[in-house]
Amino acid sequence: MKKKHISVLLILLVLLMIMIFYLSSQPADESTLTSGKFCHFAARMLFRNFQSYEAEIQKTIIDGLTHIVRKAAHFTEYAVMGFLWYLLLRKRRNNIILSISATAFYAASDELHQRFVVGRSGQISDVILDACGGCFGVIMAFILLCIVCCCTDRNVLEWGTWKK
């Protein structure tokens, strides 16, 4: 891989890590407000006449959407991270294990970081969800590279690495 491509992937990975750290640094009230704004918007798009529903029903819908949105965000952030780690490490031996391990390690450190933020807590279930997202991202990167390499007529050297 060209040094330019490696630099771009590294910059994207660092920016993603900074974004995750920033979002995890938000106190619980601020984080809930951020999620809540998105969920109110989504509820208005998903449910016809959402504004005319009773306040209790609106709250139930928003609470359900908030849980789904937060968990989907965890999974997606770490899927992208796993994807980027795999692309960076794809020429190394044990690239899949290294990519998933790096993603899971960052997820664990992020949850530990949240334990020191007002109103937040680190949860093992989020680390597991993040690691699953990382696995998904690694699998998607691997499949994408397989397709690209098959289309460009490259030979497989060993599991996950190719040469022209």
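Contact here means heavy atoms within 4.5 Å. The model is predicted.

Helix α4 spans residues 95-114 and includes Thr103. Glu111 also has its place in helix α4. Start with Glu111. Its relative accessibility is 3%, so Glu111 counts as buried. What does Glu111 touch, leaving aside its neighbours within four places in sequence? Its contacts are His74, Ser121, Gly122, Gln123, Asp126, Val127 and Asp130. Ser125 lies 14 residues from Glu111 in sequence, and their C-alpha atoms are 9.9 Å apart.

Thr103 is buried too, at a relative accessible area of 0%. With neighbours within four places in sequence set aside, Thr103 is in contact with Tyr78, Met81, Gly82, Trp85, Asp130 and Gly134.

**Salt bridges**

The count of salt bridges is two. The table gives both pairs.

| Pair | N to O distance |
|---|---|
| Asp63 and Lys59 | 2.8 Å |
| Lys71 and Asp126 | 2.6 Å |

Lys71 sits in helix α3 and Asp126 in helix α5 (residues 124-151), so this pair ties together parts 55 residues apart in sequence. Lys71 is partly exposed, with a relative accessible area of 23%.

Asp63 and Lys59 are four residues apart in helix α3, so about one helical turn separates them. Is Lys59 buried or exposed? Lys59 has a relative accessible area of 52%, over the 50% cut-off, and is therefore exposed. Asp63 reaches 41% and is partly exposed.

**The largest pocket**

The largest pocket has a volume of about 590 Å³. Its lining holds 25 residues. Which of them lie nearest its centre? They are Ser31, Ser35, Arg70, His74 and Arg120.

Helices α1, α2 (28-46), α3 (55-89) and α4 each supply at least two residues of the lining. Helix α3 gives the most, with eight residues.

**A nonpolar surface patch**

Leu10, Ile11, Val14, Leu15 and Ile18 make a nonpolar surface patch of about 460 Å². Leu10 belongs to helix α1 (residues 3-25). At 43% relative accessibility, Leu10 counts as partly exposed.

Notes. Residues numbered from 1 in each chain as written. Predicted model: local features only at pLDDT ≥ 70, side-chain atom pairs only at ≥ 80, totals over all residues. Heavy atoms only, no water. Buried < 20%, exposed > 50% of the residue type's maximum accessible area, 1.4 Å probe, protein only. Patch = residues over 30% accessible without salt bridge, like charges linked within 9 Å, V, L, I, M, F, W, Y side chains within 5 Å. Areas by Shrake-Rupley, 256 points an atom, 1.4 Å probe, with all protein chains shown as cover. Salt bridge = Lys/Arg side-chain N within 4 Å of Asp/Glu carboxyl O. 1 Å grid on protein atoms, 1.4 Å probe; cavity = no way out; pocket = protein on both sides within 12 Å on 5 of 7 lines; lining within 4 Å. Points joined across faces, edges and corners; volume = space filled by probe spheres on them.
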